[in-house]
Every structure is written in structure tokens, then in C-alpha cells.
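Subject: Structure handover

Hello,

Please find the structure below. My notes on what turned up in it follow.

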Amino acid sequence: MPDVLNSIEDLRELARRRIPRALFDYIDRGSYDERTWHRNRDDLRAIELRQRVLVDLTGLSAGTTVLGERWDSPIAFAPTGLTGLFHRDGEIEAARAMLERRAPFCLSTMSICSLEEVHAAVRRPLWFQIYLMRDRAFNEALIARALAADCPALVVTVDLPLQGLRRRDPKNGLSVPPRFTPANAWEVLMRPRWLMGVMLGKRRTFGNLAAFFPQDGVTALSEWVGGQFDPSITWRDIEWVRARWPHKLVVKGLLEPDDARNAVAAGADAVIVSNHGGRQLDGATSTIAALPRVAAAVGDRCDVLFDGGITCGQDVFKALALGARGCFAGKAFLYGLAALGGRGVALAHAILTQELEITMALTGARRVAEIGSHRLVRR
Ligand SMILES: Cc1cc2nc3c(=O)[nH]c(=O)nc-3n(C[C@H](O)[C@H](O)[C@H](O)COP(=O)(O)O)c2cc1C
């Protein structure tokens, strides 16, 4: 392992060594044949940037405004389930690190630390992400909890009415809480830091679902999830949420202009162009290919945000150039967390931001608002 960690790939490699394989694969991989997972990255990489020289770069800044909030850098932490299994108190560590970096952290419903625990620990507002579950009373309770925790934005994820199969999870025996078995005993024992931190820690199951998730034993994640998500949800359910949520409402997980228009009609303040990081519909278009059409469809009627495949600041620049106001990253931050806890999350954010700033400088953009498609090479 290099002494200096200065890329997301370095953090990924360290994460691979520090957490058990079932968890590393859960972070790292996509669904089915992983075509969309690859597409997200390959399509981003294929875009070329226009180098400009001798532009006055005094006062260069990657700061921006998203949904009326000032962000120091246009990169936020995407909602990710099971985050507290990658490092002890993972969500609290990650939220603190993002706060330090003055950028948002979005907590998933499927987190290990509960919303209340994270809120009490960081004492600042967090974004909160929900799935609409079969049990409407539960959804209502979650919205009430987000209100009580002063969340400025509620993100409703819509690309998971049923769960796409990530083939490695059942093969690796991924379960919540994590299990110590003869098959994984060796690698768990070889990762004492994780063993002491997570296996012997107090939080190892879904913190937000205490009344919901079976607490009496170990449950195969995929089986349980399969039974809870509601495949009958429609745009009317987004209106249902809108009627109960007075703050910013964000619809996450769409790729098509028509769906983006529907989201605006249902009252969304922002949409996130996302295919769940290539973890759901395999064969779906990459998010960077979908982004310009979605941005054109909604215009300035709502903020367009982006995620999928970001592994460097140049990727963030390309998404901003193609119409995103801000970006989220999932895997890039989770590698940092699994490698080094909160310090790794802050490092991942610093790496992405510095790479973005250098890219801005070398393409002649001093402000995020000056990043546009004219800075990309058209073929
Ligand atoms: C380990 C993991 C867990 C995730 N869990 C959730 C989740 O609970 N809710 C959600 O809306 N999206 C979830 N996502 C998707 C992310 O929010 C985001 O869309 C995706 O990670 C972006 O792609 P990237 O990982 O290539 O940056 C998860 C992603 C990962 C990698």
C-alpha cells in the first residue's frame, strides 16, 4: 500500500484490505452482469475536456448553491445503506466529516445508526432519504422523524420498487447483522480493526427500522428487503409525500425526461439523475448519457443533481458541464470510510474537490457557473 493516499483508487484498495469481502463487494459491485455499473464510469471517462490557457484564475472557487444551500464544493455524500457496518458508527463518522467539509451528508433509511443518533451526534441538519415501504404508517412515521430532526431536504428514492440482484451478496452470505461463520472466520480474524470496531460494537442492525426489521436473529438481507419495498408506488405517492413534507423534496433515481417532468409536476424541488450506481436496472443507460436530456426537460423548474460512477474530480466537472447543479458520490466516500473512518471520508471529499478545482483551472473556469458544455470536446 502506498504511504501517500491521493486517489479514490488508493482508498478503494485500502478498504478492500480492511473490511470483510462480503461488505467490500456490497459496496463495490453492481447488479447482474454489471453493464450499467461499467457504463457509468466508461461514459464519464470517454468525455474529453478542452484545455484553456492564460485565463486569469484569481479567486477560483468550487463553491455553489444547491436548493438554496451554500456548499463549499458541489459534491455531497449519497444515501447508502449499511454504512455503519463498514466502520464503527459509520454514519456518524461520515456525517461529521462532511460537516467539517461544509458539504451535505444524506442519511439512508437503511442506515445502521438511526436518524436520531446521527442528528444527536452531529447537531446539524442532515438530508434524509426514504424508500416508500408497504407499511404506510411506517412511511408517515419516518417523515415525522425527519421533521423532528430538522432535515432540510427529504430524498425519495424511486428506482427500487423491487431490488435488482447483486449476485455476489447471496454468494457471500451478506446478512444483517453480519455473521461470523466458518467460511469467513479467517478473513474476519485478519481484519482485527473491523472486528473490534464493528463486530464487537453495539450498532449492527438497521437503526431506523427497530420496530420493523426482525431483531431476533440474523436475516439474509436480500430476502428481507424483497418483502418490504412497495412495488405499487406511483407518482401519486410522491404527491402524498409532498402533502406531508414542507421542506425541500428531492426525487432520486430517474433517467428519462418524462419522469423528470412528472417529478416536477408532483412537486419535487430537485431530481437526482441516478441509476443507483448501477445496482438496479442492468442495461440502463449511464447517468452521464441521460443527464443532458433530463436537464433540458426540466430547465430551471427544479435543480438537477447527478450521481453514478464518480471516481475523480474530472467526473464531477463533466456532470456540471452537462447540466448538473451538484453531484453525489456513493462508492468513492464508502471506500474512504471503510479505509479510514471519518478521516477517509474527508480525504475522499478533499481529493474530489481538489481535482475539480485543478480541472476548473486548466479549463479556464473560475466559478462553477462558468462550467458548461462548451468546455467539453464535441465529437
Ligand atoms: C453500498 C451502497 C448502498 C446504497 N444504498 C442506498 C440506499 O440505501 N438508498 C439510496 O437511495 N441509494 C443507495 N445507494 C445508491 C447511492 O445513493 C448512489 O445512487 C450511488 O452510489 C451512486 O453511484 P456511485 O456509487 O458510483 O457514486 C447505495 C449505493 C451503494 C454503493
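Which residues does Leu154 touch, not counting residues up to four places away in sequence? They are Phe128, Ile130, Ala146, Trp245, His247, Leu249 and Val250. Here two residues are in contact if their C-beta atoms, placed from the backbone, lie within 7 Å.

Two points on reading the model. Residues are numbered from 1 along each chain as its sequence is written. This is a predicted model, where local features need pLDDT of at least 70, side-chain atom pairs count only at pLDDT 80 or more, and totals for chains, interfaces and linings use all residues.

The core

Leu154 belongs to the largest nonpolar core, which has 111 residues. A nonpolar core is a set of buried Ala, Val, Leu, Ile, Met, Phe, Trp, Tyr and Cys residues joined through C-beta atoms within 7 Å. A residue is buried if 20 or more other C-beta atoms lie within 10 Å of its own, exposed if 12 or fewer, and partly exposed in between. Leu154 is among the members that touch the most others, and so are Phe128, Val271, Val273, Leu291, Cys327 and Ala348. In soluble globular proteins, nonpolar side chains tend to be buried together.

The strands

Helices (H or I, at least four residues) and strands (E, at least two) are DSSP runs, numbered from the N terminus. Two strands pair if DSSP finds at least two bridges between them.

Start with β9, residues 248–254. Of its 7 residues, 7 are buried. β9 runs parallel to β6, with 5 bridges. There, Thr157 stands opposite Lys252. β9 also runs parallel to β10, with 4 bridges. In this pair Val250 faces Ala270. Between β9 and β10 the chain passes through helix α12 (residues 257–265), and this β-α-β crossover is right-handed. That term means that, with the strands pointing away from the viewer, the path from the first strand over the helix to the second runs clockwise.

Now β12, residues 326–329. Both its faces are covered. Gly326 and Phe328 are buried on one side, Cys327 and Ala329 on the other. β3 (residues 75–77) runs parallel to β12, with 3 bridges. Phe77 sits opposite Ala329. β11 (residues 303–306) is also parallel to β12, over 2 bridges. Leu305 is opposite Gly326 there. β11, helix α14 (residues 313–321) and β12 form a right-handed β-α-β unit.

The ligand

How many residues surround the ligand? There are 25, and the closest are Ala78, Gly81, Thr157, Gly277 and Gly330. A residue counts as near if its C-beta atom, placed from the backbone, lies within 6 Å. The shell has 9 nonpolar, 12 polar and 4 charged residues. Ala, Val, Leu, Ile, Met, Phe, Trp, Tyr, Cys and Pro count as nonpolar, Asp, Glu, Lys and Arg as charged, and the others, Gly among them, as polar. α2 (21–28) and α15 (331–340) each supply at least two shell residues. α15 gives the most, with 3.

Most residues other than glycine have a negative phi, and most peptide bonds are trans. Asp150 has a positive phi of about 60°. Asp150 lies in the loop between α6 and β6, and is exposed, with 11 other C-beta atoms within 10 Å. His276 has a positive phi of about 65°. His276 lies in the loop between β10 and α13, but is buried, with 24 C-beta neighbours inside 10 Å. The peptide bond from Val176 to Pro177 is cis, with omega near -10°. Pro177 is in the loop between β7 and α8.

Best wishes
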